[in-house]
Amino acid sequence: MLNESNNIKVENIDQFLKELKAYWVANEIPNVSEVNARFLRDLVKIKWAKNLLEVWTANGYSTINFAIEIEKNNWKITTIEFSPDSVAKAKANFEAVWLDYIIDQRCWNALDILPTLTEKYDFIFIKKKKKRYKDFFILTWDKLESGWVMILDDVIKFKHKMESFYEYLDEIKITYNLLPIDSDDWVIMIIKD
Ligand SMILES: C[S@@+](CC[C@H](N)C(=O)[O-])C[C@H]1O[C@@H](n2cnc3c(N)ncnc32)[C@H](O)[C@@H]1O
């Protein structure tokens, strides 16, 4: 079983992720699905992504999936979360799998911190708060390197909550792919020209 305090160091990260996922499913934390996590991890792998920005960490399940591949590329992840409790839990999880040294955790409201980030990223992942997808897209789009990838999760089931985002993409003529990665919901993948 996953140690509640997370005060452990684990060798087998995939097993740790399975237990982390099971624990949070039981506690209704909306992490990415295992199928989606696999897809995201493979995408990072084949693109050789190096500098990844994640808008919303929660317990760090998706972050660890990214970090497994990002570590091989010798680079880093910046991940934003405004709940101090979630930030602390994610930190313990990152330490448990020895990946904390490549993960820059920012305990902030993403709406406030995103305008202050000056770096460019080659992979941006956004999940949750469908009504704000347009805002988060606008706040991050200029931070994405040309030729690189932005993924937004859960984009069909709650499409009615994000009409303004779809309209905005059409308005500024951004081409996007809708991908049915798992049976629960789809993702949008945008490759920046
Ligand atoms: C769906 S969870 C993230 C799941 C995570 N990416 C994963 O798949 O493992 C959404 C998280 O966003 C955080 N959150 C919501 N609005 C936020 C904001 N404006 N700034 C920072 N964090 C926010 C919530 O506290 C919650 O932990």
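Student: Which helices each supply at least two residues of the lining of the largest pocket?
Tutor: We're looking at a predicted model, with local features needing pLDDT of at least 70, side-chain atom pairs pLDDT 80 or more, and totals for chains, interfaces and linings using all residues. Residues count from 1 along each chain as its sequence is written, and side-chain values use heavy atoms, without hydrogens or water. A pocket is an open set of 1 Å grid points over the protein atoms alone that fit a 1.4 Å probe, with protein on both sides within 12 Å along at least five of seven lines, and its lining has an atom within 4 Å of a point. Helices here are DSSP H or I runs of at least four residues, numbered from the N terminus, and the two you want are H4 (84-96) and H5 (110-113).

Student: Which one gives the largest share of that lining?
Tutor: Look for the element that brings three residues to the largest pocket. That's H4.

Student: How much space is in the largest pocket?
Tutor: Its lining has 24 residues, with Trp 56, Ala 58, Glu 81, Lys 127 and Lys 128 nearest the centre. Counting the space filled by probe spheres on the points, joined across faces, edges and corners, the volume is about 470 Å³.

Student: Which space does the ligand take?
Tutor: Go by where more than half of its atoms lie within 2 Å of the grid points. The ligand takes the largest pocket.

Student: How far is a polar side-chain atom of Glu 81 from an oxygen atom of the ligand?
Tutor: Val 32 uses a backbone N or O atom, 2.8 Å from a ligand oxygen, and Asn 109 puts a polar side-chain atom 2.9 Å from a ligand nitrogen. We're pairing N or O atoms within 3.5 Å. For Glu 81 the distance is 2.6 Å.

Student: What volume does the second largest pocket have?
Tutor: Its 17 lining residues include Asn 31, Lys 127, Asp 154, Asp 184 and Asp 185, which lie nearest its centre. The space there is about 250 Å³.

Definitions and conventions. Polar contact = N/O pair within 3.5 Å; in protein donor to acceptor, adjacent residues only side chain to side chain.
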